[in-house]
Amino acid sequence: MLPVSLTVALFLAGSVRDAAPVAAPAPIPADPAAVQAAIREPGASAVLVNVWATWCAPCREEFPDLLHVAREFKRAGLRTVLVSSDFEAGDGPQKFLSEQGVDFETYIKTGKDEEFINSLSTDWSGALPATFVYDAQGRLVRFWEGKASYPIMKKRVQEALARKEKP
Amino acid sequence: MTRKLPFVLPLLLAAPLAYAGPLAIGSAIPSADVKMKNVDGKELSLTDVKGSAGTLVVFTCNHCPFAKGWESRIVDLGNSYQAKGIGVVAVNANDPAVAAEDGYDGMVARAKEKGFAFPYVVDASSGVAKAFGATRTPEVFLFDKAGKLVYHGAVDDNMQDPAKVENAYLKDALEAVAGGKPVPVAETKSIGCSIKFRS
């Protein structure tokens, strides 16, 4: 049996990390140019891009960690661009985003895979999830395929933010 | 300089484990003699599968929506080009501990249900997929008659709707290889599920 104070502390820690469900905006259909525009819109100190899908188990698994990082560094100027590559019509992506507490605009990929993949990185094979970190100048600092943990994502975002003063 | 060695050495030792990118066009079939269990219970290597006109290796699995979306096309192409002298094999490198549907029994059922006329084998260590530099399902590698990689990538450019395919990359490559001609496009990409490598 956990002491009451510890139980409360664990509950509070959990509630800081996991935002309550919200009515997430429906993902905006976006071709590669629109995704690039969202990434390169001025004003961010760093940009975190994640390509995911509701059917992708590792994507769903890393989502809370991803959003934890997104929220933690939002005030430091981190912009988070989520791009769903779901292909079945329906409200699945929006429902998932709502459950995850995403209260900002996100995107859903349109158009051919190859152009989309190469517009983000020619080194990306197309495997999901895929995550990209850009610095304030829009330079791709980090890119990886597959699920990452909170400490790793945090470290990579911090690297990009640290480059702000070093154009 | 020498003081740095203890730090450099572990990095060098770790290097072969790092992802080195996909197999380059022109490469020979890697891990060609690794035996893998087929859905008929027999052990097969890629050398055993080699065809007189070429060899098609498809990394796929049971659970992935993209693998399922392309599955019928993979089976149609595999079955018809196997009859034209291309050795064909589907390889499942996924750890069934991650997606239970990718277990051996599931593979046996899927091959039967979909009418695979070619082997569907278990890459039991995921080592064959790693040797190919494969990262996703489905991902195809086509070798010519001489055993050199001539095509790597996607089945075609529209997983969702076969009627809207504009570029049938794999079919075109198979047709070229079966006819002893150069393939029109050597490398393409598509979105897919990451391979669930065994750790």
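## Around strand β6 of chain A

A:V47 stands opposite A:Y134, a residue of β6(A). This is a predicted model, in which local features need pLDDT of at least 70, side-chain atom pairs count only at pLDDT 80 or more, and totals for chains, interfaces and linings use all residues. Residues are numbered from 1 along each chain as its sequence is written, while chains are lettered from A and ligands numbered from 1 in the order in which they are written.

Let us step back to the whole chain. Chain A has 6 helices and 7 strands; these are DSSP runs numbered from the N terminus, with helices being H or I of at least four residues and strands E of at least two. From the N terminus on, their order is α-β-α-β-α-β-α-β-α-β-β-β-α.

Two strands pair if DSSP finds at least two bridges between them.

| Pair | Sense | Bridges |
|---|---|---|
| β2(A) (residues 46-52) and β6(A) | antiparallel | 6 bridges |
| β6(A) and β7(A) (residues 140-145) | antiparallel | 5 bridges |

On the β7(A) side, A:Y134 has A:L140 as its bridge partner. A hairpin is formed by β6(A) and β7(A), with 4 residues between them, and A:G138 in the turn has a positive phi of about 80°.

A residue is buried if 20 or more other C-beta atoms, placed from the backbone, lie within 10 Å of its own. Because 6 of the 6 residues of β6(A) (residues 130-135) are buried, the strand is largely enclosed by the rest of the structure. A:A130, A:F132 and A:Y134 point one way, and A:T131, A:V133 and A:D135 the other. In a regular strand, side chains alternate between the two faces of the sheet.

How values were computed:
A residue is buried if 20 or more other C-beta atoms lie within 10 Å of its own, exposed if 12 or fewer, and partly exposed in between; C-beta atoms are placed from the backbone.
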